[in-house]
Amino acid sequence: GEVRPVTRGAVPDDLSAHLYWFDLLPGGTAAVGQRGIEGINQVVAVDLETGAAKALLLGLSPRYESGHLLYGRDDAVWAAPFDVEALETTGPPILVAEGVDVRPNDRAIFEVTEDVLVYAPIGSTQGAGAFQPVWIDRQGNREPLDVDPGNYAFPRISPDGRRVALVVIEGGNSDIIVYDLESRVPTRLTFEPSVDWGPVWTPDGSRIVFRSNRDGALNLYSRRADGLGEVERLTESSADQRAYAFTPE
């Protein structure tokens, strides 16, 4: 079918602007979403036929379930009685769960279905504590990599299957290492006080391409996967750029 807009666009004073984290309401003619602008997050109801929107309350990541509007606020999930026809709350909210990972100006990490609420505790998805990268085979057997526990992200296996590139996050910086699965030796590729992220292997496995903000906007850089040589800047743009894959050639 044809794609059509259901909100009126990014007009600063329009409640239908800057909406995300939608949840479709029963009947399919309206939805609730989160409107974040200038540090303030509101739960907004939108009529999908007309694009008209109304602010309901302050909160993040709204979800509708069993006659209630659930949302995150102040490290907790709250639920308010909700009329899906009138698109308005009909009573005060009640506290459902405390200690929830609610990220200001971002989202609340929870989901709900029928009588079950699933959520991430505070800090559990933001690098609190240390993690151990592991191999998991198709039978569920685990084999940890021989690296120090830390905050790792974005693993990418080399084309020959013998190495894995990882992002390691330390404080406000992130760097890229390459771990050799045979020698069990990690090689650090980046050392700048910057965000170095998203390693991608070249098809021959000789180099890693990644994005970095070391010179301003996130641009693309490259370095030999064995750590030799210098980092090479590939692009120069005022726009953020991200690499995800190479063509075969």
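A residue counts as buried under 20% relative accessible area, as exposed over 50%, and as partly exposed in between (1.4 Å probe, protein chains only). Tyr 20 falls in the middle class: it is partly exposed, with a relative accessible area of 29%. Trp 21 is partly exposed as well, at 35%.

This is a predicted model, in which local features need pLDDT of at least 70 and side-chain atom pairs count only at pLDDT 80 or more, while totals for chains, interfaces and linings use all residues. Residues are numbered from 1 along each chain as its sequence is written, and side-chain values use heavy atoms, with hydrogens and water left out.

Start with the rings. Rings of Phe, Tyr and Trp (its six-membered ring) pair if their centres lie within 6.5 Å; planes under 30 degrees apart are stacked, over 60 edge-to-face, and the rest tilted. The whole structure holds three aromatic pairs. One of them joins Tyr 20 and Trp 21 edge-to-face, 6.5 Å centre to centre, with 70° between the planes. Another joins Phe 210 and Tyr 221, which are stacked: 6.1 Å centre to centre, 20° between the planes. Phe 210 lies in strand 19 (residues 207-212) and Tyr 221 in strand 20 (residues 219-224), so this pair ties together parts eleven residues apart in sequence. Strands here are DSSP runs (E, at least two residues), numbered from the N terminus. Phe 210 and Tyr 221 are both buried.

Two rings also meet a charge. A charge sits over a ring if NZ of Lys or CZ of Arg is within 6 Å of the ring centre and within 35 degrees of the ring normal. The charged end of Arg 73 sits over the ring of Trp 78, 5.9 Å from its centre. For Arg 156, the ring is that of Phe 154, and the distance to its centre is 4.1 Å.

Now turn to strand 16 (residues 173-180). Six of its eight residues are buried, so the strand is mostly covered. Two strands pair if DSSP finds at least two bridges between them. Strand 15 (residues 163-170) runs antiparallel to strand 16, and eight bridges join them. Across this pairing, Val 167 stands opposite Ile 176. The two strands form a hairpin with two residues between them, and Gly 171 in the turn has a positive phi of about 65°.

Strand 17 (residues 186-188) also runs antiparallel to strand 16, joined by three bridges. Here Ile 177 stands opposite Arg 188. This hairpin has five residues between the strands, and Arg 184 takes a positive phi near 60°.

Notes. Helices (H or I, at least four residues) and strands (E, at least two) are DSSP runs, numbered from the N terminus.
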